[in-house]
Structure formats: C-alpha cells, structure tokens
Amino acid sequence: MGTVVMYSSVSVDGFVADGNDQPGPLFDWLSSGDVPLDASGALTVSQASYDYVRPYWDQIGVTVVGRHVFDLTDGWDGTPPSGVDHVVVVTHRPEPEGWDPEAPFHFVDGVEAAVATAQALAGDRIVEVAAGDVGGQVLAAGLVDEVRMDVVPVVFGSGKRYFGSVDAQHLLTDPDVVIQGDRVLHLRYRVRR
C-alpha cells in the first residue's frame, strides 16, 4: 500500500483558507518563480520548490477530498487536478445530478472507506489527503503516515484550519524535509505511531 500523506499550503497560523473559503496568497508561491511546474506553464516556482514538489506530485495516485472542496472546485470539471489518476470524495450525498459516471471520481461515505478505496486505486503510489476537515478526520482515525505543509508567510487570524477540528494530541517526528522556496517553506513530518 502507498503512503497516506496529508497535504496543503498553509498560513503561518495554520489556516488553509480564510473565513470565506478563499486561499488568498496561499498559492502565490506557485506563480512566483521561473521554473515551470507542469506542462501548462501556468505554474512557475523556484528551482528549490520544483525539485521538492515535482517528484512528490509524480508519485500521487489518488487524492482524497471532502464534498465541500469538490463543490468549491465544481469537481474540477471531471478531470482530477495535477495529473492525479483518481479523486475520492468523502460525502454523505450522492454524486451531483448529471455527473459523468466515467469520470475518475469515487463518492464514498466516511474517511475509513475513502482511504481504503484510495489505497486500492493507488496501489503503491501515494494517497494524498487534502488538509482541512477531512484531513483532520483521517489523521484522527490514525490513517495518515506523513504530514506535508507548504508554509506561506501570511497570517489569516481565522478561517479553515489545516487540521480541521482535530481536538486531540497527535505526535509527529522532527521534520525530515525543510526546504526554503520563494515565499514558501516546504516541510515534511512523519506521524509517530
């Protein structure tokens, strides 16, 4: 089974979006460099960020998100983001009316079932779990292996928390990756078991 990684860009004070679900400057680092991160050329980062992010993205087989993120993005128009093969959506509701049943999206009730589905689809590739409420639930269930953060130098003061509503202590190792990019600090922690 592949590694389960909780991931997102995050403000210094721990938010993945402001109170209006807007990321504000959290993704500015994805257009502040001169090295194309993908074939579109729309994402350009520093060389240090490219060297860290591109190999990680290439290993992701499945992304797990909540229905809220799915709805905010309009389901990425049926095409998984960043070249990911499949998206597993944690939801208690059915897929949207008129949704293309051939789109590589899987609607699953509950985080345990979502991670199991994602691992079956990903094989030995990474299962990426979006930070926020669903990511916090997956962490609380003991299913996260690594926490990756792209820490952006901004303070939101309030908003959507990186770890969602986690209300118990979870120990991480010291960061085994610390990379300074332009307007971002990339960190990777392993979850202590």
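This passage describes the overall fold of the chain and then its aromatic contacts. The model is predicted, so to speak of local features a pLDDT of at least 70 is needed, side-chain atom pairs count only at pLDDT 80 or more, and totals for chains, interfaces and linings use all residues. Residues are numbered from 1 along each chain as its sequence is written, and side-chain values use heavy atoms, with hydrogens and water left out.

Four helices and twelve strands make up the secondary structure of the chain, taken as DSSP runs of H or I (at least four residues) for helices and of E (at least two) for strands. The radius of gyration is 16 Å, which agrees with the value near 16 Å for a compact globule of 193 residues (C-alpha atoms; 2.2 Å times the number of residues to the power 0.38). Of the 193 residues, 46% are buried, where buried means under 20% relative accessible area, exposed over 50%, and partly exposed in between, with a 1.4 Å probe and protein chains only.

Turning to the aromatic side chains, eight aromatic pairs are found, that is, rings of Phe, Tyr and Trp (its six-membered ring) with centres within 6.5 Å, called stacked when the planes are under 30 degrees apart, edge-to-face over 60 and tilted for the rest. Trp-76 and Phe-105 are stacked, because their centres lie 6.4 Å apart and their planes at 25 degrees. Trp-76 sits in the loop between α2 (67-72) and β6 (86-90) and Phe-105 in strand β7 (residues 105-108), so this pair ties together parts 29 residues apart in sequence. Trp-76 is partly exposed at 24% relative accessibility, whereas Phe-105 is buried at 6%. Phe-105 also pairs edge-to-face with Trp-99, at 5.2 Å centre to centre and 80 degrees between the planes. Together with Phe-70 and Phe-107, Trp-76, Trp-99 and Phe-105 form one aromatic cluster.
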